[in-house]
Amino acid sequence: MPIHGRASDQEKKLEWRKGRASPSAKTIRSTVRPNSVTMSLNSAPEPDKFPPVILTEPSGSSAEVLLYGGQVVSWKNELREELLFVSSKAARKPPKAIRGGIAVCFPQFGNFGSLEQHGFARNRVWSLDSDPSPLPPTDNQSSVDLILKSKEEDMKAWPHRFELRLRVSLRAGKLILIPRVRNTDTKPFSFTFSLSNYLSVSDISEVRLEGLETLDYFDNLMGRERFTEQADAITFDGEIDRVYLSTPSKMAVIDHEKKRTFVLRKDGMPDAGSSTNN
Ligand SMILES: O=P(O)(O)OC[C@H]1O[C@H](O)[C@H](O)[C@@H](O)[C@@H]1O
């Protein structure tokens, strides 16, 4: 039964998940594009000592990226409309992860392993990356490069040396995230990874997700049992928490009430999670 009636600040969250090994750098690219959107790099000091990086671009859109978690916590279009959801209860400092925006889950997605839910990268303080090569240097207005390196304290739970990089670039109508993992250890390691996008939508009953038809998925609400999607598009009549397998490079989240479509594109991450969160 569809849910009717308004629920402000409801969100639709999509996750992309990947697993890889081998001692080399791996680039994964994902782009989220609403109907239209664009970003400058400024630092505005905040009392919590983790000043956000503000990206802007000429058409007036903007994004806010925190060193805490390497997390995008705001993306506004040229009309200054917020496109991402962040929980009003989220504290933007350790030790708790920020619930919302675009969370970087590494080296574990969800509870697919023995680490804390979604790994530790989302509640560590990242640094600005001064050497993003081989990616070309960015302009300072609309992109930022961040890095998280392995620390001794994390080696107890996950004994691998790594460098996790993230480039966030704002363009007209697009937000592009390029994460890269480098194994700086002497032995291979495996990991799972996701960029968890909390997209802001008007009313979840007015939203449909296209691109996952006929795919197999694990249903986290059914003991991770495997099913095959039968619907033409995913709609949300209640809580959903699934991981779809071998997903296409393009998916669309259509918000009928806001008359807005998010087009999600990805490279290098085979699976996609779909869940509702309030
Ligand atoms: O609340 P978080 O730790 O950020 O996780 C949010 C969600 O992430 C994934 O979608 C999991 O499959 C869900 O079970 C979980 O609720």
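Predicted model: local features only at pLDDT ≥ 70, side-chain atom pairs only at ≥ 80, totals over all residues.
Residues are numbered from 1 along each chain as its sequence is written, and side-chain values use heavy atoms, with hydrogens and water left out.

View 1. Strands, like helices, are DSSP runs numbered from the N terminus (helices H or I, at least four residues; strands E, at least two). Gln-71 has a relative accessibility of 0% and counts as buried; buried means under 20% relative accessible area, exposed over 50%, and partly exposed in between, with a 1.4 Å probe and protein chains only. The side chain of Gln-71 reaches the backbone oxygen of Ile-98 at 2.9 Å. Leaving out residues up to four places away in sequence, Gln-71 touches Glu-64, Val-65, Leu-66, Ile-98, Gly-100, Ile-102, Ala-103 and Arg-122. Contact here means heavy atoms within 4.5 Å.

View 2. In strand β6 (residues 62-66), five of the five residues are buried, so the strand is largely enclosed by the rest of the structure. Ser-62, Glu-64 and Leu-66 point one way from β6, and Ala-63 and Val-65 point the other way. Two strands pair if DSSP finds at least two bridges between them. Strand β5 (residues 53-56) runs antiparallel to β6 and is joined to it by four bridges, with Val-53 having Val-65 as its bridge partner in β6. Strand β7 (residues 71-76) also pairs with β6 in the antiparallel sense, over five bridges. In that pairing, Leu-66 stands opposite Gln-71.

**View 3. The turns of the two hairpins.** Five residues lie between the strands in the hairpin of β5 and β6, where Gly-60 takes a positive phi near 110°. In the hairpin of β6 and β7 there are four residues between the strands, and Gly-69 takes a positive phi near 80°.

**View 4. Ser-143 in strand β10.** Ser-143 is placed in strand β10 (residues 143-149). This serine is buried, at a relative accessible area of 0%. Its side chain and that of Ser-169 are joined by a polar contact of 2.9 Å. A polar contact is a pair of N or O atoms within 3.5 Å; within protein, one must be able to donate a hydrogen and the other to accept it, and residues adjacent in sequence count only if both atoms are side-chain atoms.

**View 5. His-118 in the loop between β8 and β9.** The loop that holds His-118 runs between β8 (102-105) and β9 (127-128). His-118 counts as buried, at 7% relative accessibility. A polar atom of the His-118 side chain lies 2.7 Å from the backbone nitrogen of Gly-110. Ser-87 is 31 residues from His-118 along the chain, and their C-alpha atoms are separated by 17 Å.

**View 6. Salt bridges.** Side chains of opposite charge can pair when their charged atoms come close. A salt bridge is a side-chain nitrogen of Lys or Arg within 4 Å of a carboxyl oxygen of Asp or Glu, and by this rule the count comes to twelve. Glu-81 and Arg-260 meet in a salt bridge of 3.1 Å, N to O. This pair links distant parts of the chain, 179 residues apart: Glu-81 is in the loop between β7 and β8, and Arg-260 is in strand β20 (residues 260-267). Glu-81 is partly exposed at 35%, whereas Arg-260 is buried at 9%. Lys-187 and Asp-185 also form a salt bridge, at 3.4 Å from N to O; Lys-187 is partly exposed at 37% and Asp-185 is buried at 16%. Asp-129, Glu-163, Arg-165 and Arg-182 are linked in a network of salt bridges.

**View 7. Confidence along the chain.** The pLDDT, the predictor's confidence in each residue from 0 to 100, averages 85 for the protein, and 82% of the residues score at least 70. Over residues 1-27 the pLDDT is below 50, and this stretch has 120 contacts in the model beyond near neighbours in sequence. Residues 35-47 also have pLDDT below 50, with 62 contacts beyond near neighbours in sequence. The model scores ipTM 0.93 and pTM 0.86.
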